[in-house]
Amino acid sequence: MPGLETRITFFRGCQLVDIPKITDPRGNLSFIEANSHIDFDIERVYYLYDVPAGAERGGHAHKALSQLLIAISGSFDVRLDDGLSEVRVTLNRPFQGLIIRPMVWRELDNFSSGAVCLVLASHHYDESDYYRDYDIFQKAGAQLR
Ligand code: TYD
C-alpha cells in the first residue's frame, strides 16, 4: 500500500486523498470541499455505523458513481477488484479518504468496534447504477477493456 501523500492513484483511478486537518487543543477539525479535495460534486452523503463484528458491507460495483470513503471513527478494510486483480486498503484515519471509481468492485470488512464509514457520493442513490452480481460486473468490465 502506498504511503500518505496528497493524492495517490493506485488502482483503476482509485485514489488515497489527504484531507486537511486543523489541529487544535480543543479538538481537531477536517473539511472536504467538492471539486477541490475531491474531483466531483457531492450529491449525496451516507454513513455506515453499528456494523457488527465480522460483518461485510459493499459487495458491488457502480456504473457511473464515484465515492469518497473516510473512516471517521475506528477502522475497516476495503478490498478493491477490477475483475482482473485486487488490492486491499485499510482506512483508519479521519484525515485520509479513499476515492473509489466506477467499475471497481468493493467489499468492506474487518470493521473495528464503533467504526463509522462516511461516504460522499457523486450522484443520488440509483439502484440501476449498481452491479450486484460479480459475474455480470466482470463481463461488463471485460467488454470495456
Ligand atoms: P448498499 O449500497 O448495498 O450498502 P453498502 O454498499 O453500504 O453495503 O445499500 C444497502 C441498502 O440501502 C439498499 O437497499 C439500498 C439502500 N440505500 C439507499 O436507499 N440509499 C443510499 O444512499 C444507499 C447507499 C443505500
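# Strands, cores and a ligand shell

Tutor: S73 lies in strand β7. The model is predicted.

Student: What makes S73 count as partly exposed?

Tutor: The relative accessibility of S73 is 32%. Buried means under 20%, and exposed means over 50%. The value of 32% falls between these cut-offs, so S73 counts as partly exposed.

Student: Which residues is S73 in contact with, leaving aside neighbours within four places in sequence?

Tutor: They are G114, A115 and V116. A contact needs heavy atoms within 4.5 Å. A55 gives another distance: it is 18 residues from S73 along the chain, and the two C-alpha atoms are separated by 17 Å.

Student: β7 has a partner in β10. In which sense do β7 and β10 pair?

Tutor: In the antiparallel sense, over four bridges. Two strands pair if there are at least two bridges between them, so four bridges meet the criterion.

Student: Why is β10 called largely enclosed by the rest of the structure?

Tutor: Five of its five residues are buried, so β10 is largely enclosed. The side chains split by direction: Q96, L98 and I100 point one way, while G97 and I99 point the other way. Buried residues are found in both groups.

Student: What makes the largest nonpolar core a core, and how many residues has it?

Tutor: It has 20 residues. They must be buried, belong to the nonpolar types and be joined through side-chain atoms within 4.5 Å. V78 and L91 have the most contacts inside this core.

Student: Which strands each supply at least two residues of this core?

Tutor: β2 (14-18), β7 (67-73), β8 (76-81), β9 (86-91), β10 (96-100) and β12 (116-121). β8 gives the most, with three residues.

Student: What does V78 touch, not counting residues up to four places away in sequence?

Tutor: V78 touches L69, V87, R88, V89, L91, L98, I100, R106, E107 and L108. A second, separate core has nine residues, including I19, I38, L118 and L120.

Student: What is the order of strands in the open sheet?

Tutor: The order is β9-β8-β11-β6-β13, five strands with antiparallel pairing.

Student: Why is one side of β9 and of β13 (130-131) left without a neighbour in the sheet?

Tutor: Each stands at an edge with a single partner strand, so one side of each has no neighbour in the sheet. As for β9, six bridges join it to β8, and the two run antiparallel. D77 stands opposite T90 in β9.

Student: D82 is found in the loop between β8 and β9. Why is D82 called buried?

Tutor: Its relative accessible area is 6%. That is under the 20% cut-off, so D82 is buried.

Student: What does the side chain of D82 reach at 2.8 Å?

Tutor: The backbone nitrogen of L84. Residues up to four places away aside, D82 touches F11, R12, M103, F137 and R145.

Student: M103 is found in the loop between β10 and β11 (105-109). What sets its phi apart?

Tutor: M103 is not a glycine, although its phi is positive at about 65°. Most residues other than glycine have a negative phi. With a relative accessible area of 17%, M103 is also buried. N35 has a positive phi too, about 60°, and is not a glycine. N35 lies in the loop between β4 (29-30) and β5.

Student: Which residues surround the ligand?

Tutor: R44, Y46, L48, R57, G58, H60, Y125, Y130 and R132. β5 (44-48) and β6 (57-62) are the elements that give two or more residues to this shell.

Student: What share of the ligand does the protein bury?

Tutor: Taken alone, the ligand exposes 520 Å², and the protein buries 63% of that.

Definitions and conventions:
Residues are numbered from 1 along each chain as its sequence is written. This is a predicted model: local features need pLDDT of at least 70, side-chain atom pairs count only at pLDDT 80 or more; totals for chains, interfaces and linings use all residues. Side-chain values use heavy atoms; hydrogens and water are left out. Buried means under 20% relative accessible area, exposed over 50%, partly exposed in between (1.4 Å probe, protein chains only). A residue is near a molecule or strand if one of its heavy atoms lies within 4 Å of it. Accessible areas come from the Shrake-Rupley method with a 1.4 Å probe; for residues, only the protein chains shown count as cover. A polar contact is a pair of N or O atoms within 3.5 Å; within protein, one must be able to donate a hydrogen and the other to accept it, and residues adjacent in sequence count only if both atoms are side-chain atoms.
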